[in-house]
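Here is a brief report on one chain.

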Amino acid sequence: MEARARAEEERRRIVGALARLGDQSRGTSDIAAAVRRLLNASLCDQMPTHWESIGYALVRCGTELPHKASVYATVAGVLTSNSPPTRTGSDGAPDADADADADGAHPFARQAEALANYLVQGIRNYIAHSIRDGKGGAARRALRFLCELAVAKVVHPQALAAAVAGILKAALAESEQARSPLHARAMFLFDVAVSAVPWCGALLDEHDPETLVAIGKDAEELCDAAADKWAPMFCTAPGSEALGFRVPVVEEARAAIRDLKTRDWECTAVVRLQPLFVQELSDGRLLKFQPVAVPAHSKTSRYAPPRFWWRMRSPADEMQVDQPEAAEPPTESEAAAAAAGGAGARTAPTSPADRFVVRELIGDVLENFVSDHALASKQIVNMPLPFDVDREVCDTAFRRHRCPTWLTPPLSCLYRL
């Protein structure tokens, strides 16, 4: 009993340390330094004996704190690499004071392989269980974390493509079998799959462009089939425009995909930590796995209602830019400087893809920290986004107020471990 209590206490300590990772940092460079400090100070030393607790913490934090999914995927990629980890300083340079193995052997090769398989199977099962239980938010967050693991070379890009395409194919099958194109299960599965495309589009375009093209076609087909059904659910009554505009989330996801196609699938709003760990992630495992099993429909199945965003401005008004200098998205250098915490005026996101990603991230934070608004505010402020998100915060909070059907799990309990 005493050994079990110590193991449980160690697991809570690891979860707490990972949950707070990067919270006091501003910009990706500061977060990268915090990650290296944690890896050097504890995680690499704990891998031989506590790899399963580390895997549990990474899965939990990566799915429940999705605005930091890239951080946890980077940690996972470093710990599961085929190459032995190298202790580095906060700047990423090798630590001259670190003791190196004389033969260069991997100090925890077996545990690294076990951790990689634990993460992949854990996320795969998490997505399947969330779909079975009708928890769309949980399934979307887990699929995005899987995208980040693929960028960190823990997961093979083709396996990720098959997972996204498989869920979308299940949505199409449900739509074809249903009497109405606007079928609850079909739209539920469609939302889960398509909302991950901004996070994986560039990666799939590089490694599996054929599957990415198929995903885009399937998304268009399903949206077109249900287009005539949107009006009764999402129309705004004449004369009530002052109360807001209802816009289906899947329509905005489709607009985001169309926008990404014109930008070579690069999304400025998806800020990642992996590019700062190129050397550490260069020898990733690239695991393949069976596509996510979509549970068969039954009378006891539960599905979340189709999501919609209640907008204070009409979709046409959102295309109008409030600031003349924000007519174009920030350049790559400007985005990098803003993400790194550099000075310079930030503008509101203007492209459909950037707005979609920013709103999804803010919505995740507001849902996950519903029991602690002060902590939610800190999380939003610390997100390394290259945009001014004040307007998006207001809109997303207004949406939550007008959409009481959204589930709001109190995930801020992570910060009390």
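Which backbone nitrogen lies 3.2 Å from a polar atom of the side chain of Ser-81? In this predicted model, the backbone nitrogen belongs to Ser-83.

**Ser-81**

Ser-81 sits in the loop between helix 3 and helix 4 (109-132). Its relative accessibility is 2%. That is under the 20% cut-off, so Ser-81 counts as buried. The side chain of Ser-81 also reaches the backbone oxygen of Asp-283, at 3.3 Å. Leaving out residues up to four places away in sequence, Ser-81 touches His-106, Ala-112, Glu-280, Asp-283 and Arg-285.

**Lys-68**

Lys-68 lies in the loop between helix 2 (28-64) and helix 3 (69-80). Is Lys-68 buried or exposed? Lys-68 is buried, with a relative accessible area of 7%. Its side chain reaches the backbone oxygen of Ala-19 at 2.5 Å.

| Side chain | Backbone atom | Distance |
|---|---|---|
| Lys-68 | oxygen of Ala-19 | 2.5 Å |
| Ser-81 | nitrogen of Ser-83 | 3.2 Å |

**The whole chain**

The chain has 15 helices and two strands. It holds 417 residues, and 54% of them count as buried. Among contacts with a separation of 6 or more, 83% join residues 24 or more positions apart. The accessible surface comes to about 18600 Å². Carbon and sulfur atoms account for 53% of that surface.

Notes. Residues numbered from 1 in each chain as written. Predicted model: local features only at pLDDT ≥ 70, side-chain atom pairs only at ≥ 80, totals over all residues. Heavy atoms only, no water. Helix = DSSP H or I, 4+ residues; strand = E, 2+ residues; numbered from the N terminus. Buried < 20%, exposed > 50% of the residue type's maximum accessible area, 1.4 Å probe, protein only. Contact = heavy atoms within 4.5 Å. Areas by Shrake-Rupley, 256 points an atom, 1.4 Å probe, with all protein chains shown as cover. Polar contact = N/O pair within 3.5 Å; in protein donor to acceptor, adjacent residues only side chain to side chain.
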